[in-house]
There are 2 protein chains.
Amino acid sequence: MTVIYQRVALIGLGLIASSMAHAMRENGLAGEIVGHAKSPETRATALEIGLCDRVFDTAAAAVQGADLVVLAVPVGAMDAIAAEIGPHLAAGCTVTDVGSVKQAVIEAVAPHLPEGVAFVPGHPLAGTEHSGPRSGFASLFVNRWCLLTPIEQSSPEATAHLRALWEGMGAKVDEMDPAHHDLVLAVVSHTPHLIAYTMVGVADHLRRVSNSEVIQYSASGFRDFTRIAASDPTMWRDVFLTNKDAVLDILGRFTEELFVLQRAIRMGDGQQLFDYFTRTRAIRRGIIEAGQDTAAPDFGRVAPPAKPGE
Amino acid sequence: MTVIYQRVALIGLGLIASSMAHAMRENGLAGEIVGHAKSPETRATALEIGLCDRVFDTAAAAVQGADLVVLAVPVGAMDAIAAEIGPHLAAGCTVTDVGSVKQAVIEAVAPHLPEGVAFVPGHPLAGTEHSGPRSGFASLFVNRWCLLTPIEQSSPEATAHLRALWEGMGAKVDEMDPAHHDLVLAVVSHTPHLIAYTMVGVADHLRRVSNSEVIQYSASGFRDFTRIAASDPTMWRDVFLTNKDAVLDILGRFTEELFVLQRAIRMGDGQQLFDYFTRTRAIRRGIIEAGQDTAAPDFGRVAPPAKPGE
């Protein structure tokens with residue numbers, strides 16, 4: 001593999017950044033990996049487990065001399081970090097981010113970056129429900145999409161370079177308009193997360209009056225919801241605050257649709273329910289064909305290896 | 001292992017019944033396994049892959065001489081099947097079912113059963129998103145709960161016998177009042193399924209106007225929902241029609257709760273969102289501690305084997 005960046009500075013050392021560190025190392029994509037995290041414990045861990053060659057107490061110190069700076073902090077922290085690092089960025093360096101929302105990040109970061117620095121916003125569609133520097137692993141991005149949303153401050157060369165890095169870590173890369181990104185993600189990720197949080201909250205209320213049985217007997221539907229609802233609270237708070245319009249739009253559609261099904265249940269309209277459930281099954285098949293999941297059954301526990309032919 | 005029933009008749013040969021056949025065979029729990037399914041293809045498959053020793057064209061023929069009859073058809077089909085088999089049941093035989101709703105099944109089945117036949121309603125909390133006779137496997141019930149909801153027509157001996165069968169297939173068994181079962185299941189399974197169906201439906205609308213990107217970029221939240229929403233449409237239609245009151249109750253609570261979070265997003269109340277998401281994370285930990293899931297990260301693809309210590 002070819003070294004694509006001589007020095008990569010990771011700002012924030014959680015699941016995504018630590019997975020990038022492992023993936024860059026395993027594929028020989030970065031000459032040196034340096035990092036900064038707000039918490040001293042996280043910085044110590046990053047050195048201890050070999051995520052970073054060097055760590056710095058401040059983001060401003062970490063970015064000096066780097067030809068790639070990756071902002072991997074919650075979306076709500078982007079503004080302050082960008083203001084801090086702006087004056088310390090090397091000429092010709094590329095700044096990217098891994099935030100789940102793109103328009104708000106662009107508004108927060110772009111104004112702080114000097115002339116001669118390229119800003120290429122990005123978003124890897126990959127994750128687990130775990131967080132922190134020990135949660136990362138090299139294969140997190142393999143065969144997952146990374147969406148880049150280039151803007152005026154993204155030179156074509158800088159975008160191509162960053163694309164090569166993500167492809168080198170195993171991701172499939174696509175480019176998209178930032179506003180469109182935010183709408184698509186509101187549908188496939190943000191609103192589902194909010195719904196999962198809500199359902200788990202309802203169950204919790206009920207649990208309090210019913211002796212913990214909700215947890216004891218959690219069947220597949222609810223168990224999948226709790227997995228989603230265990231994701232990092234800070235990250236998700238910021239997602240909803242910064243992708244507000246798209247999420248409220250999709251939530252409105254969701255509520256309308258839910259009321260239609262609720263009414264069908266109340267009226268005993270079995271045909272309407274059956275037709276609806278048959279349509280959604282076809283969408284699942286589309287996802288399997290698009291390679292974003294396998295047809296192997298999921299038991300909510302560790303799944304068996306895929307059978308040949310699936 | 002000890003043979004618990006001399007002849008088990010499986011009525012309906014889908015995911016649950018075929019998994020029971022594999023599990024009973026593997027553990028030597030049944031002398032003979034016979035079966036009936038409405039479709040000739042399913043009956044032929046059941047013989048071909050060795051699910052049943054013999055199959056019958058009618059449920060009435062299949063139950064003759066059986067000491068255990070398992071009703072494994074959609075909840076909406078229970079009434080007609082019970083009426084058909086009632087006159088053909090052997091004295092001293094036990095009838096059970098595997099329906100996801102208990103009160104409606106009891107109302108549908110109990111009146112058709114003669115004196116001297118025990119009826120022990122049951123519900124294994126296990127499944128995958130696949131259906132049909134080829135989808136079953138012997139380990140489906142291992143370490144999962146099977147809830148029995150005994151009624152007046154369940155003798156203590158018949159209940160103890162059936163418990164031994166489920167434990168022999170690896171399940172943990174508990175007993176519960178039928179109405180309470182239906183409420184708990186509305187929370188941990190039925191309502192989450194309805195919500196997943198709805199969210200996938202919303203995405204489908206949007207996909208039609210946006211070039212399939214919803215499927216292409218399905219990230220973890222939505223992918224888990226599509227898995228749930230791919231479950232058998234007939235089974236789920238019947239669940240919602242027959243557990244109407246509990247589902248409508250929980251849906252009402254869900255909508256109230258969702259509106260609270262929606263308002264927090266609209267008002268930009270980050271603290272309220274953060275607190276809510278932190279609480280739901282704790283519930284997830286409760287489920288892991290209750291042994292209903294593992295802490296291994298889920299990438300929405302086939303998961304890696306669990307690490308030692310998890």
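Entry 1. I took a salt bridge to be a side-chain nitrogen of Lys or Arg within 4 Å of a carboxyl oxygen of Asp or Glu. With that criterion I counted zero salt bridges between domain 1 of chain A and domain 2 of chain A. I note that the model is predicted.

Entry 2. I then looked up where the domains run. The domain assignment places domain 1 of chain A at 5-176 and domain 2 of chain A at 180-295. Their C-alpha centres are 30 Å apart. To the contact between them, domain 1 of chain A contributes 20 residues and domain 2 of chain A contributes 18 residues.

Entry 3. I asked how much area the two domains of chain A bury between them. The value is about 1,500 Å², with 58% of it on carbon and sulfur atoms. I found five residue pairs in polar contact between these domains, both residues being at pLDDT 80 or more. On the side of domain 1 of chain A that touches domain 2 of chain A, α5 (103-109) and β8 (145-148) of chain A each supply at least two residues.

Entry 4. I turned to the largest nonpolar core, which holds 86 residues. Which of its residues touch the most other members? They are A:Phe225, A:Phe254, B:Phe225 and B:Phe254. For B:Phe225 I listed the contacts beyond four places in sequence: A:Pro192, A:Ile195, A:Ala196, A:Phe225 and A:Ile228 from chain A, and B:Ile195, B:Ala196, B:Met199 and B:Val200 from chain B.

Entry 5. I also noted a second, separate core of 38 residues, with B:Leu29, B:Leu51, B:Met169 and B:Val173 among them.

Notes. Residues are numbered from 1 along each chain as its sequence is written. Chains are lettered from A and ligands numbered from 1 in the order in which they are written. This is a predicted model: local features need pLDDT of at least 70, side-chain atom pairs count only at pLDDT 80 or more; totals for chains, interfaces and linings use all residues. Side-chain values use heavy atoms; hydrogens and water are left out. A nonpolar core is a set of buried Ala, Val, Leu, Ile, Met, Phe, Trp, Tyr and Cys residues joined through side-chain atoms within 4.5 Å. Buried means under 20% relative accessible area, exposed over 50%, partly exposed in between (1.4 Å probe, protein chains only). Contact means heavy atoms within 4.5 Å. Domain bounds come from an automatic or database domain assignment. Buried area is the accessible area (1.4 Å probe) that two parts lose on being put together, summed over both. A polar contact is a pair of N or O atoms within 3.5 Å; within protein, one must be able to donate a hydrogen and the other to accept it, and residues adjacent in sequence count only if both atoms are side-chain atoms. Helices (H or I, at least four residues) and strands (E, at least two) are DSSP runs, numbered from the N terminus.
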